[in-house]
Amino acid sequence: ILSTDHFPEEIINTMKELGTDPESYLQKQLYFIDAFSYRTTGERAKRGSLAVNDIRDLTSMSISFKKLSDTNEKLQLVLATISTLSIFNNDIALLDFIQTQVARIKQKKHSGIIISHKGIMGEKITQGISSLVDGVIEFKFEEGESGSLQRKLRVSYAKNIKAQGWISLQK
């Protein structure tokens with residue numbers, strides 16, 4: 001997990017709340033590339049994390065991904081979030097970084113998720129990234145008739161999947 005918005009410990013705690021035992025996966029199947037801690041505390045990454053000391057250093061992040069990709073099978077890479085990376089890096093550098101990671105994922109037959117927030121990146125970069133990936137899934141919140149927030153999802157593009165419109169995630 002490339003974490004740009006949360007401490008690895010926060011992600012681990014969220015995983016526990018969702019019923020997963022992340023401790024048994026740390027440094028076996030769960031690795032963090034921590035691009036958040038240095039900005040907030042100045043501390044080095046810990047507990048199964050590789051540290052990124054500058055969020056503008058896409059090369060170091062790419063090297064970290066390559067090391068993990070070359071030494072693990074069936075790796076699942078999560079970039080959370082590229083929106084934050086887009087604030088600190090120019091569009092061309094970010095698109096090049098994403099293209100490199102997507103190519104690496106496909107070459108090694110890994111899988112990955114790229115998370116972004118709508119409205120932070122320009123349409124050009126969003127479309128560029130969409131053209132590189134195998135699918136795009138969108139999430140949104142809407143206020144229901146009762147005033148409660150409803151979570152919805154739609155597959156706006158995916159190979160071999162027919163788009164069905166927005167689907168409610170409420171139980």
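**A guided look at the model**

Tutor: Let us begin with E138, which lies in strand 6 (residues 135-143); helices (H or I, at least four residues) and strands (E, at least two) are DSSP runs, numbered from the N terminus. This is a predicted model, where local features need pLDDT of at least 70, side-chain atom pairs count only at pLDDT 80 or more, and totals for chains, interfaces and linings use all residues. Residues are numbered from 1 along each chain as its sequence is written, and side-chain values use heavy atoms, with hydrogens and water left out.

Student: Is E138 buried or exposed?
Tutor: Buried means under 20% relative accessible area, exposed over 50%, and partly exposed in between (1.4 Å probe, protein chains only). E138 has 18% relative accessibility, so E138 counts as buried.

Student: Which side chains does the side chain of E138 join through polar contacts of 2.7 Å and 3.5 Å?
Tutor: A polar contact is a pair of N or O atoms within 3.5 Å; within protein, one must be able to donate a hydrogen and the other to accept it, and residues adjacent in sequence count only if both atoms are side-chain atoms. Contact in general means heavy atoms within 4.5 Å, and E138 touches K118, K152, L153, R154, S156 and W166, not counting residues up to four places away in sequence. The polar contact of 2.7 Å is with R154, and the one of 3.5 Å is with S156.

Student: Which side chain makes a polar contact with the side chain of T81?
Tutor: T81 lies in the loop between strand 4 and helix 4, and with 6% relative accessibility T81 counts as buried. Leaving aside neighbours within four places in sequence, T81 is in contact with T4, D5, I115 and H117. A polar atom of the T81 side chain also lies 3.2 Å from the backbone nitrogen of T84. The side-chain partner, at 3.0 Å, is D5.

Student: What is the relative accessible area of S3?
Tutor: The place of S3 is in strand 1 (residues 2-3). Beyond four places in sequence, S3 is in contact with I11, I33, D34, A35, F36 and A80. S3 is buried, with a relative accessible area of 1%.

Student: Which element gives the largest share of the lining of the second largest pocket?
Tutor: On a 1 Å grid over the protein atoms alone, a pocket is an open set of points where a 1.4 Å probe fits, with protein on both sides within 12 Å along at least five of seven lines; lining residues have an atom within 4 Å of a point. This pocket is lined by 16 residues, of which Q29, L30, K74, L75 and Q76 lie nearest its centre. Helix 3 (58-71) and strand 4 (76-80) are the elements that give two or more residues to the lining. The largest share, three residues, comes from strand 4.
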